[in-house]
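Please read the following report alongside the sequence and the 3D view, and look up each residue as it is named.

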Amino acid sequence: MVNLVPRLVLLHLLVLLLHQSVWCLNYTKFRKVGDLRLARIQKHLDTLNKPSVFSIQSPDGDIIDCVHKRKQPALDHPLLKNHKIQRVPPEMPKMRSTMSKQEDDNSKSANISESDGYIRRGAWQMWHQNGERCPKGTVPVRRSTVHDVLRANSLYDFGKKRRRMAPLARRADAPDVVSGNGHEHAIAYTGTSEIYGAKATINVWDPKIEVLNEFSLSQIWVLSGSFDGSDLNSIEAGWQVSPELYGDSRPRLFTYWTSDAYQATGCYNLLCSGFVQTNSRIAIGAAISPLSEFQGSQFDVTIVIWKDPKLGNWWMGFGENTLVGYWPAELFTHLADRATMVEWGGEVVNSRANGRHTSTEMGSGHFAEDGFGKASYFRNLEIVDSDNSLISARDISTLAENTNCYNIKSSSNNQWGTYFYYGGPGRNPECQ
């Protein structure tokens with residue numbers, strides 16, 4: 001018995017080392033990675049990962065580099081060669097109530113009074129938990145690794161959405177859910193000739209993902225251009241679970257942009273040049289914490305995207321007054337002027353890996369009719385008008401390709417304005 005404990009400890013350590021080795025290799029075990037490919041990846045990472053003045057190790061394994069704001073990836077973009085970072089804060093959209101008492105009286109079907117005392121605002125990020133912050137004058141950038149790139153199909157695909165391969169069946173007046181081909185949605189949308197931004201508050205969950213190359217996200221899309229051509233402009237922001245992109249199943253704050261219908265321009269987060277970050281406390285691509293709980297506290301985040309009426313840049317706000325950064329007007333064609341459609345909602349990838357519909361969840365993994373504390377929601381849907389005022393998005397339509405898998409139900413009241421519940425479990429007896 002004297003020698004048993006040391007042997008057990010040694011055996012435990014060997015098991016841990018074996019587990020860690022498998023974890024490190026699991027992204028590359030299906031392919032051989034040659035020296036030339038690794039050299040190309042490292043060269044790309046050397047360009048992408050800028051020198052930092054300070055680095056923070058997050059509890060979830062991320063490394064957050066504090067990069068001087070004038071050295072950030074955005075300014076590598078050829079269209080931003082002479083760009084000067086906007087120093088004067090943009091004019092925030094003005095609040096303007098548009099719901100009348102009669103409209104409120106007609107919305108009693110919305111059963112959300114139980115939400116009082118259960119909503120917790122200000123879901124934050126895991127890298128803050130150790131108390132460290134990036135110093136003033138720097139911006140936090142999530143460091144990319146070789147494994148991040150190897151999980152993608154190719155170096156070219158790293159950080160990009162897969163482009164739609166074929167048009168989806170849709171009503172003539174419905175939006176083109178542009179990422180298509182295996183992607184499924186539950187969204188609300190509205191379109192007019194003049195839109196200058198959008199806003200919503202979204203509760204954050206951790207939906208289960210079935211296979212590595214699938215994802216589940218909840219976001220706002222601000223769109224302009226032709227849905228049937230190659231000139232669609234899109235600005236997007238929300239939260240996302242993507243094992244392929246991030247290497248884990250944590251929900252993360254993300255952004256995306258494109259000016260050519262996802263063909264060659266744009267990317268997630270800061271994985272290519274374009275988005276100019278100005279905030280030193282929010283890391284795009286970093287994990288959000290805490291999260292909503294089933295029949296428990298609901299943690300939500302507010303996201304607003306709007307066009308600065310003076311300089312024309314498209315800004316992103318997080319929470320009620322926190323500026324994250326902006327997409328310079330130079331990046332776009334149609335959005336250099338205005339948007340013509342806004343979409344809010346969820347999207348998943350259904351790869352049918354086993355010949356069946358995926359069990360990847362959208363939102364909380366529960367259908368819309370389960371309601372508060374169970375289903376995921378978007379509340380206080382608003383758009384920004386030509387006067388830089390926020391108005392309730394009252395005339396919305398909804399779309400879901402397969403309501404047996406994921407669905408959406410909208411309503412309105414005085415507390416939550418226009419809102420909807422959405423989501424679902426994916427594969428179930430009615431969804432095969």
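Two residues are said to touch, or to be in contact, when heavy atoms of theirs lie within 4.5 Å. Thr-333 and Asn-233 are 100 residues apart in sequence, although their C-alpha atoms are 7.2 Å apart in space. The structure is a predicted model, in which local features need pLDDT of at least 70 and side-chain atom pairs count only at pLDDT 80 or more, while totals for chains, interfaces and linings use all residues. Residues are numbered from 1 along each chain as its sequence is written, and side-chain values use heavy atoms, with hydrogens and water left out.

**Strands and their partners**

The elements named here are DSSP runs numbered from the N terminus, where helices (H or I) have at least four residues and strands (E) at least two. Thr-333, for example, lies in the loop between E16 and E17. Strands of a sheet pair through backbone hydrogen bonds, either parallel or antiparallel. Two strands are taken as paired here if DSSP finds at least two bridges between them.

Three strands form an open sheet in the order E1-E2-E6, with antiparallel pairing. Strand E1 (54-57) and strand E6 (138-142) are at the edges and have a single partner strand each, so one side of each is left without a neighbour in the sheet. Neighbouring strands of this sheet are turned by 25 degrees against each other on average, direction ignored; the axes behind such angles are lines fitted to C-alpha atoms, for helices over the stretch in contact, and angles run from 0 to 180 degrees between N-to-C directions. Within the sheet, Cys-66 has Pro-140 in E6 as its bridge partner.

Strand E17 (residues 339-349) is mostly covered, since ten of its eleven residues are buried; buried means under 20% relative accessible area, exposed means over 50%, and partly exposed lies in between (1.4 Å probe, protein chains only). Two strands that pair with E17 are E7 and E9, and Val-342 in E17 stands opposite Thr-190 as well as opposite Val-222. Trp-344, also in E17, stands opposite Ala-188.

| Strand | Partner | Sense | Bridges |
|---|---|---|---|
| E2 (residues 63-68) | E6 | antiparallel | five |
| E7 (residues 183-195) | E17 | antiparallel | ten |
| E9 (residues 216-224) | E17 | antiparallel | eight |
| E20 (residues 397-400) | E7 | antiparallel | four |

**A buried lysine**

Lys-161 is found in the loop between helix H4 (146-151) and E7. Is Lys-161 buried or exposed? At 5% relative accessibility, Lys-161 counts as buried. Its side chain is joined to that of Glu-236 by a polar contact of 2.6 Å, a term that stands for a pair of N or O atoms within 3.5 Å, where within protein one must be able to donate a hydrogen and the other to accept it, and residues adjacent in sequence count only if both atoms are side-chain atoms. Leaving out residues up to four places away in sequence, Lys-161 touches Gln-219, Trp-221, Glu-236, Tyr-256, Tyr-262, Tyr-268 and Glu-347.

**Cores and aromatic rings**

A nonpolar core is a set of buried Ala, Val, Leu, Ile, Met, Phe, Trp, Tyr and Cys residues joined through side-chain atoms within 4.5 Å. In the largest one, which has 54 residues, Trp-327 and Trp-344 touch the most other members. Apart from it lies another core of 27 residues, among them Tyr-189, Leu-217, Tyr-246 and Leu-399.

Rings of Phe, Tyr and Trp (its six-membered ring) pair if their centres lie within 6.5 Å, and planes under 30 degrees apart count as stacked, over 60 as edge-to-face and the rest as tilted. A search of the whole structure finds 17 aromatic pairs. The rings of Tyr-256 and Tyr-268 have centres 4.8 Å apart and planes at 80 degrees, so this pair is edge-to-face. Both Tyr-256 and Tyr-268 are buried. Trp-257 and Phe-332 also form an edge-to-face pair, with 5.9 Å from centre to centre and 80 degrees between the planes. Trp-257 lies in strand E11 and Phe-332 in the loop between strand E16 (322-327) and E17, so the pair ties together parts that are 75 residues apart in sequence. Trp-257 is buried with a relative accessible area of 3%, and Phe-332 is buried with 6%.
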